[in-house]
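I opened this entry to keep track of what I looked up, and in what order.

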Amino acid sequence: MRDPKITKIFEVAKAEERNFLFEHEAKQLCNLYGMPITAIEIAKTEEEAAKAANKIGYPIVLKIISPQVLHKSDAGGVLIGLNDEKAVRSGYNTIITNIKKNVPTATIEGILVQEMAPKSTEVIIGSTNDPTFGMTIMFGLGGIFVEILKDVSFRIVPITKIDAEEMIEEIKAKKILEGARGMPKADKETIVNTLLATSKMLVECPEIKELDMNPVLVYEKGARIVDARVIL
Ligand code: ADP
Ligand code: MG
């Protein structure tokens with residue numbers, strides 16, 4: 001039986017008649033499956049944002065929480081690299097001003113204050129419900145590798161550890177994960193565990209129609225899911 005905390009996340013979305021999870025809900029869900037997420041706190045006032053940032057530590061990333069804003073940076077709803085409390089306080093107000101201007105109909109539920117993950121190799125993990133095969137899991141390197149080169153691997157869930165290892169081996173640019181061209185060597189064990197946890201989550205949560213963890217930053221040790229989107 002899945003953790004009641006997981007069911008609760010979906011119930012809240014349903015009660016609010018949302019067909020998607022907010023980033024913080026998607027990250028909480030991933031975290032309940034043991035996946036590595038950024039530290040997150042919700043702030044409803046500038047004061048709360050400052051407090052949350054001081055608790056998490058700098059640099060800080062701020063993001064809009066609004067049911068009308070799914071693509072947050074397009075709407076001016078993401079600020080990264082805020083280095084002190086003053087920058088967080090003014091950033092809080094900048095995001096609200098941007099959203100009011102760019103998406104006048106948006107209801108603002110708060111600002112998500114989060115740890116800024118250091119730069120590293122970016123990978124993506126996603127899932128869609130294929131009409132023929134059912135839930136699939138996808139893995140690839142972020143940025144141009146997925147968008148232009150479509151260098152990704154797929155499996156049908158559930159996957160085994162061997163499947164997860166093969167998914168990493170199958171992508172053409174896998175040498176990047178091995179430390180080619182001055183990139184950090186990526187922690188493959190963490191990628192494998194994250195793929196396995198994603199598969200488990202997809203099997204246990206039929207509410208999920210689509211999943212997009214993009215990007216996931218992978219380090220020599222560990223990883224951080226920086227953005228996560230779930231469609232219900
Ligand atoms: P969008 O809804 O526009 O996809 P994201 O949450 O993906 O918004 O943020 C946009 C970009 O900002 C990300 O692709 C990433 O490069 C950067 N970013 C976002 N959150 C973080 C974070 N916590 N640490 C480091 N970089 C981040
Ligand atoms: Mg994103």
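**Domain contact**

I noted the bounds as 39-116 for domain 1 and 121-231 for domain 2, taken from an automatic or database domain assignment.

**Basis**

This is a predicted model, in which local features need pLDDT of at least 70 and side-chain atom pairs count only at pLDDT 80 or more, while totals for chains, interfaces and linings use all residues. Residues are numbered from 1 along each chain as its sequence is written, and side-chain values use heavy atoms, with hydrogens and water left out.

**Helix α1**

I then turned to α1, residues 4-15, a DSSP run (H or I, at least four residues) numbered from the N terminus. I found I6, I9, F10 and A13 buried, that is, under 20% relative accessible area with a 1.4 Å probe and protein chains only, where exposed is over 50% and partly exposed lies in between. They cover an arc of only 85° around the axis, which puts them on the same side of α1; the arc is that of the directions from the helix axis to the C-beta atoms. On the face turned away from that buried side I listed P4, K5 and A15 as exposed.

Terms used
Chains are lettered from A and ligands numbered from 1 in the order in which they are written. Helices (H or I, at least four residues) and strands (E, at least two) are DSSP runs, numbered from the N terminus. The expected span of a helix is 1.5 Å times one less than its number of residues.
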